[in-house]
Every structure is written in structure tokens, then in C-alpha cells.
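Hi everyone, thanks for coming. I'd like to walk you through two contact surfaces today, so let me put the structure up.

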Amino acid sequence: MKRLQDVKAKEARDLYYPTMCKVVGARQITDLEKWYELQMPAGQDLGHEPGQFVEVSAFGIGEAPISISSSPSKKGSFELCIRQVGTLTNVLKRYEQGDMIGIRGPFGKGYPIEKLLGKDILIIAGGIGLVPLRSLINYVLDNRKDFGRLIILYGAKSPAELLFKEEIAIWETRDDVELHITVDQPDESWTGNTGVITTLIPGLDLNLNTTIAAITGPPIMYKFVIMSLKSKQLNDDQIYVSLERRMKCGVGKCGHCQINGVYCCQDGPVFNYTDIKPLEEAL
Amino acid sequence: MKPQVAFFDFTSCEGCQLNKLNLENDLLDILKHVDIVEFREAMDDKADHYDIAFIEGSISSPSCVERIHDIRRRSDILVALGSCAVNGGINAMKNLHPIDEVRETVYGKDKYLFATLPAMAVSSVVKVDYEVRGCPMNQQDFLKLLIALVLGKQAPKYNSPVCVECKLKENECLYNRGMVCLGPVTRGGCDALCPSFGQFCTGCRGILSNPNLDGMLEIMTNHGISLDEAKKRMLLFNSNEVQL
Amino acid sequence: MECYSLLRADVPALIDHLGKFGEVVAPHRKGDVSYSFESVLDSSQVVLDYNRTLLPLKKLFLPPVEKLMDFSLKNMSFDPVELTTQPRVFFGVHSYEMQSILRLDHSMLSGNAESNYFKRRKNSRFVGISFEPDDFHFSESVGIAIEEMEGFDLFLNEIDDDFQLYVLSDNGRSLIQGFKQIRTVEAELSGKREFKKKIRYHYNRLPRIFQYAYKSKVWADVAEKCVGCGACTLTCPTCFCFDVTDEVSVTAEDGLRQRTWDSCMLSTFAEVAGGENFREKTINRTRHRLYRKFKYITDEEGLPWCVGCGRCTAFCPAGISLPDIVNELIQEDEKAQYHHTVRV
Ligand SMILES: Cc1cc2nc3c(=O)[nH]c(=O)nc-3n(C[C@H](O)[C@H](O)[C@H](O)COP(=O)(O)OP(=O)(O)OC[C@H]3O[C@@H](n4cnc5c(N)ncnc54)[C@H](O)[C@@H]3O)c2cc1C
Ligand code: SF4
Ligand code: SF4
Ligand code: SF4
Ligand code: SF4
Ligand code: FES
């Protein structure tokens, strides 16, 4: 147990003060989602790992946890992509280049890059789940020779909801990226796959021993995707999930993000499947 | 340009609740943000457009129905002020016997044109964007809503019980003093006004969105009142919201 | 052990003497039948025999509502809160309450150590007092004796209406320096006080009970009665969950960010934008509360995170009793084991 006398005065920190970051780029990329590029003061880097998040705040409105969408290999600025669903996210919709946004973090555990080196990376992103996974994708692309295959499965409700379309177009042209996209509700112009994301899995030809899967999507997606992966003979420890919970503090204090005894904001949001499989509240 | 706001009064027990606002202190601040273009008594409504219309009182006559439709047509945002407007409030209780009949009348769309109507929530006639709960309406709540609207953010929603604020203030619980209180199932946001003055909560801010009403009735009857009385207490402000 | 005798009549003088160190906080009457920790203005008003305070001592280290910063909307900037803390003596603290502070230390200072908590916690002294257990106390069942002195600087043990004063630390010794109304005596801890409420098993057997209790029927029985008011968690000395909100002044130009105690028993606690609720049903929440007390942290730290103060039970309007729930889980487990044995 941690005792008062074991804590040195300088270890105790103000955990709740944001750093004001400048918006240097902002663009509404779908009906609901806006992309932001932010700069820390004095050209600092955020210093994050793929999969980590920040607490974003606007004074008078509040705070919300948002994944870092750019790769740490990108220096000088970082990117977020925010879906407008509630109080803060709708106010942030009005934020444009030159505005200041409060940032705390980076927080939580991201993907353990050292365990991913040399592996085939299988990305499975449902909807806005692409936002945090984009950080990992771009990290792999920026360090392409350190990894094996890069397979990206991405599912969205409709073609209009696809995020990062320009980037996807580039991924499509690269022969070191295997990209499969599907939508639930196609429109007239859609020529690609239709159906839920799990329909993309059976057709995959995976190297069983070297594949690591990274899944992020809406809560209901995980069970089905993991079932499909298991039927492809992937082991539990080859699967990583990123979980979403209500969060307030981001630093393991406020209690909102607990999944049974685990703190999503500290022990996650990225978890190895073996670690959360026994938790009743996880999936 | 500042938002143009108007206030309208319908059927409420004490008339103008806004009189209770500490307007001397706050009016100047409020006026910095908005232009008040109409105040309740101005019956022959002049402006043809309001950014925000504040409605007090419940809807209880055919002419009220007509008038509220008219106001809605001319307003971008419509806010119900006080429990009479929000859910019919105590007015609803007075008219409602037997409750089933009334419920049908309230929600059956065709029955609006009766000569006398039961007291209805504004929202059962027109779309309500925001509400300020309480009887009387809570001043702080009203100001918070106004500020939220000015800042362009969603208004605060209250869905935690009165007990939360009551505990935070370290009040002695009325149940520990042998009284019966509706705090556990009533929407907070009033800073536990009544229990802080030794009065039990009568539920004036409405019932929580997902209440355990059977559990609440059991608590009340276990603390010495009859099931009938317990139900009556629960319905006092909430006969339009609660089914018992 | 360094021990003195102290007459009941001289306790106010001792409290006044403690005032030389700093602000003295002690139990006072509140309302008709309740007590609360308050600053001492008149030492004769301090209550020596009380069952429990409405809010735990926690309120003075992790306040129910705490400003985190002031901000300006015009400049999009904030001012940190400069917290200055004075030395404080907490007088008349029960052993379970002291143990709850030691647990709170772990919660607020392990991992990311929080400065506001740390500052408030430093420079505090604790003077314990023995108590007569009522119908709700059960701290003995979670391993905390009435005379447990860990964490205290001084401890008053009531004997024949007067007190024995134990000196437990150097800080304690300097607190009573120059105080004349005490006499050296032999230490003698009376063991006469009996707990009326008990958990049937020793607490080191509880993790096993909870390991198998997740799907128990007991949770549904409790959920039927629970109205989700949050009283049990808001008054619990080892609970520490909070919410963070921004308040804007009427000028809409500035405001403050604050944190407020929150409770996992409230239906909105784990709800996210869009309506998904990760602990939607009352049974999920009740279970979570008890697992937080007897399993999750306990597995890591080896101690129950409940100190047996009885507040959650005494202040529950539905009369839901935490030790009774635990006893029912034990009984259910015994039945299951019995059936198992018979079948084998
Ligand atoms: C680790 C993590 C990463 C996330 N990354 C992204 C992202 O990259 N892009 C994106 O658009 N969204 C992301 N979300 C979801 C995002 O946090 C919520 O949409 C957001 O909090 C809603 O805030 P609001 O004020 O608009 O909504 P309101 O409903 O008004 O929420 C009020 C408060 O509740 C909490 N809250 C509500 N919903 C959520 C939620 N889903 N998750 C956590 N806390 C919540 C927040 O503290 C929020 O401030 C992420 C969530 C988590 C947990
Ligand atoms: S007095 Fe009423 S509102 Fe306060 S805690 Fe008791 S039941 Fe809840
Ligand atoms: S305590 Fe209850 S009755 Fe009193 S103002 Fe609050 S909600 Fe209304
Ligand atoms: S105090 Fe009782 S009724 Fe209220 S939330 Fe806790 S267990 Fe439920
Ligand atoms: S769970 Fe109940 S008895 Fe245990 S410490 Fe908390 S309030 Fe006290
Ligand atoms: S978000 Fe506060 S503990 Fe995880």
C-alpha cells in the first residue's frame, strides 16, 4: 500500500491543468466528424504512443477523452478527429485555425510497439475506431521495414461516413498495404464490399504465427470480430482491443472508466485480449 | 446581434415566477447577453420572431393551445420554465381524477378542443427544446441555461437524485429523523433546497429517468405512511410523468 | 507504551492545548441525531461519545466540491488554484476512520500522486478515541479493532468514564508538550466492548467468497430494494470517485472548473454520449460497489477496502445492509459447497 511518508513533495503533481495548444489546421471531413491539427507551446512534441489518448478541453464547456490520430513519427504537431455527439464535441465543431484548445496527456497505454516489431499487423477498424488506429497505421508506414504485412480492414455505415478518404486513396495505391473496406449501407456509386466488417475476415490469408490483430470499433463489434479471428486460429494473445468507457480524469482517480477492477484510462485503453477476457464487464 | 428573447405566461399557480429572480443583481448581466423583447403580459404579441421564447405555466384551455402553437411558430428555441410548464406540475394533480382518463386526454391528440382541458405540459402540445425544472423554477438553473444558450452549448441535464446534493451538504437525512422524503427518486439540481431547511422533498423537479418506484414506495411505507399517501406524495408534481 | 491518565473533565483543556499546533477539527452535534466533523470554536462543544459522523473525515482532504482552476473565456486561459494549507489536528477520530484515511492515501497517492490531496494531508495530526459500537459498526470483522492505533499520534482510550492517553509518535509527544493535566500510568487496554454487527467469516476468507459471487442471486434481491440514491457511496470514507464540471459566471466571461464527489451507484455514472451505459442495471452497480470494497483493490493490496464504519447501512433509506449482503453471499456459498459435497 502506498503511504503518505513514501511520497516526496515533488512527486505529487497538479493532474488537472491543461496545456493550451494552438489549432493549426481544422476541417470538417464528414457530416459528423472534424479533423484538427494541434501544436504544443514552444514547438514541443506531445510524445505519445500509438493508441494513447488526450483529455481535450474548452473552458466553460468541459473535457473529453480523444484518441491521438497521428503517428508519433510525425513531429511538430499532432492530430485529432472528433465526432460531434454531445456538449463539448459540438462546441469544438466551431473551433478553427488559430483557436486554442486545452490538452492533458497523453494518457493510458497504447500498443506495445516492441512486441509488434517484425509482425504482420492486422488492423480492424469499425467506424470512428479508425481514428486511434490511424496512429498505428501511419507509424507502421513510417517504419515500414520494421513490420511484416499491413492488412487494414475498415468498415463504416455508409460511404459518406468513411473517414480520411484521401489517405485511404494513398493506402490503396501502395502495394505494401492490403486494404479491405466495407460499408453496411451502400449508395448508388459504391462498388466495393458491402456488409458488416466480420464478413471481410473469413477470406483473409493470415500467417498464423506472426499476425497481431488490433481492433477498435463500437462496443458491439468486438465479440463478433474476436469470434471470427478465433475461427482463423489466432491466439488470444495475438489480439489487441481498444476499449471506450466514460472518462473524466484520465489519470486513474475519478473511477468512471472502471471495467471491473481495471482502469480503462490507465491500464488501457489498449488491452491485450488475454488481460480482459476474464473481465465480465469488458466486452 | 444579441438574441431576442421573450417571456410568456400561461396557467401557473402563483403567476409570475420570474418575479422571484433576484433580478436586481443579475438583470444587468443578463441584459448584456440578450434583448428582452416581450414580457408575459404583452398579450398581443408584437414581434414576429424570437430567438428564445420562455414559457411559464401549463396549458389548460383551448385558447392556450392556440397561443402556444403560435409562439412556437415564431421561436427558434422554446424553453419551458418551472414544473407547471415542464410537466404540468401541481396543476396537473388538481384536475386529474381519475388518472387514467386524464392520461388519455393529455396524450390523445384529438381531445385538445374540449372546453376545459387538464393541465398539460407545454411539451405535450409543442416541441420544447429546454426546460428549467422546479416549483418555483430554480433561479440558478435559469441563469445556467441562459449562459449555456449564449455560449452555444447544450443545457445541463439533471438526472441525479436530490440526495446527492443533500449528502454533499452533509444534511442530516430526514429519514433518520422519522420523515419521508422523495429525494432519492427526484431529479436534483436544486442544491437539495427543501431538506436543507428540514422540509421533505416533494419531487417538484420531476422523477429521475429510470426510477425504482416500487422501491421508493416501499421505503415510504416502511417509514410510517400508507401506500395511498405514499402514492399521493409521489404524484403531487409528477402525475403526468409517473404511472403508479 | 507511553501512557497517561486523563480525566474526562480535562479533555476540553487538552483540545485547547492542541490548538497551539493548528486548527483543531473534532466531532460536533449536527441536527437531531447526527454528528459531523467541524472546526473547534469552543472545546466544550466537542462530542466525545458519538457513533459516526454524517460525512467521513475524507471531506477535509478530498472536499465534496473542490475548485480545480479559474478560467477566462475571453483569453482562453486559466489560473491555477494556489492551495495553502495550515497545520491541522483531527481530534476524536475513530480507528476505522483513521484506517480509511490510510486507504485514501493509497487511492490518491499511488500511480499519479495528486498534489492537492498531498498538501491537505501533510501537516495533519490525528488524535484517536475509542467508541462504543452501535448496531451498524462492524470494523472488527474487517480487521480493525476499536483500539487499533496505527496512524494516530495520540489515542484516547475510555476507561471507567475517564481516559488513558497513549502517545504513539514524536509528533504526538510534541502535541502534548507542556500539557499538565495528565499523569503517567500503566497501559491497560480494556477489551469489554462488543460488536453487535459481524461478518461471519474472517476477512481473509472474503476474496474467495467474492471470487464466486459474481452471478449470485443476492444482487437481484438487493437491486429490487435499492433506489439508487447514492447515499451509501457518498458517505463511504473509502470511496473517492468524482465528476468534473465547468461553471460559468453570469457575465459569461469567466468561470471555474470543479470536481464533485460522484457515485458508482448513480445510474448515469458509466453512461456515455449516445446513450450506451456500461453499468445500466442496479444489480451491476450494487455488485460493483461491493466488489470495490472486497475484491478489486483487495486482491492487489491484501486489505478489505471497507473499514466497517456502518455509514452505508445507517444512511441507506432502503435499509440495505452491507454486512448482511456479505453474510448472505457467505451463506449462499456454504449451501453451494454443501450440495457439492453431498453429490460427491
Ligand atoms: C479512450 C477514448 C478515446 C476516444 N477517442 C475519440 C476520438 O478519437 N474521437 C471521438 O470523436 N471520440 C472519441 N472518444 C469518445 C469521446 O470521448 C466522447 O464522444 C466524448 O466524451 C463526448 O463528449 P461530449 O461532451 O460531447 O458529450 P456529453 O454526452 O455531453 O458528455 C459529457 C462527458 O461525459 C464523458 N463521456 C461522454 N461520452 C463519453 C465516451 N464515449 N467516452 C468517454 N467519456 C465520455 C466525457 O467526460 C464528457 O465530457 C473516445 C473515448 C475514449 C474513452
Ligand atoms: S433528506 Fe431526502 S434528499 Fe436528503 S438524503 Fe435524505 S432522502 Fe435524500
Ligand atoms: S428538494 Fe425536492 S421539492 Fe425541494 S426544490 Fe428540490 S426537487 Fe423541489
Ligand atoms: S443508499 Fe441504499 S438505496 Fe441508496 S444507492 Fe445505496 S444501497 Fe441503494
Ligand atoms: S462500505 Fe460501508 S461500512 Fe464499509 S467503509 Fe464504506 S460506508 Fe463504511
Ligand atoms: S478516467 Fe478517471 S479513473 Fe479513468
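Let's start with a pair of side chains: D32 of chain C and R177 of chain B meet in a salt bridge, with 3.3 Å from N to O. Bear in mind that this is a predicted model. Between chain C and chain B there are three salt bridges, and 11 residue pairs are in polar contact, both residues at pLDDT 80 or more. On the chain C side, β3 (34-39), α6 (218-225), α7 (231-234), β11 (242-248) and β12 (254-261) each supply at least two residues. Of these, β3(C) gives the most, with four residues. By class, that side of chain C has 23 nonpolar, nine polar and seven charged residues.

How much area do chain C and chain B bury between them? About 2,700 Å², with 61% of it on carbon and sulfur atoms. If you look for V227(C), V250(C) and P317(C), you'll find the three residues that supply 23% of the area chain C buries against chain B, more than any other three.

Now let's turn to chain A. Its domain assignment gives domain 1 (2-107) and domain 2 (113-276), and their C-alpha centres lie 22 Å apart. The contact takes 26 residues from domain 1 and 25 residues from domain 2. Together the two domains of chain A bury about 2,000 Å², 60% of it on carbon and sulfur atoms. In domain 1, P50(A), F53(A) and S69(A) lose the most area to domain 2.

There are two salt bridges across this domain interface. Elsewhere on my list for chain A is the salt bridge joining the side chains of R27(A) and E166(A), at 3.9 Å from N to O.

Note on methods: Residues are numbered from 1 along each chain as its sequence is written. Chains are lettered from A and ligands numbered from 1 in the order in which they are written. This is a predicted model: local features need pLDDT of at least 70, side-chain atom pairs count only at pLDDT 80 or more; totals for chains, interfaces and linings use all residues. Side-chain values use heavy atoms; hydrogens and water are left out. Buried area is the accessible area (1.4 Å probe) that two parts lose on being put together, summed over both. A salt bridge is a side-chain nitrogen of Lys or Arg within 4 Å of a carboxyl oxygen of Asp or Glu. A polar contact is a pair of N or O atoms within 3.5 Å; within protein, one must be able to donate a hydrogen and the other to accept it, and residues adjacent in sequence count only if both atoms are side-chain atoms. Ala, Val, Leu, Ile, Met, Phe, Trp, Tyr, Cys and Pro count as nonpolar, Asp, Glu, Lys and Arg as charged, and the others, Gly among them, as polar. Domain bounds come from an automatic or database domain assignment. Contact means heavy atoms within 4.5 Å.
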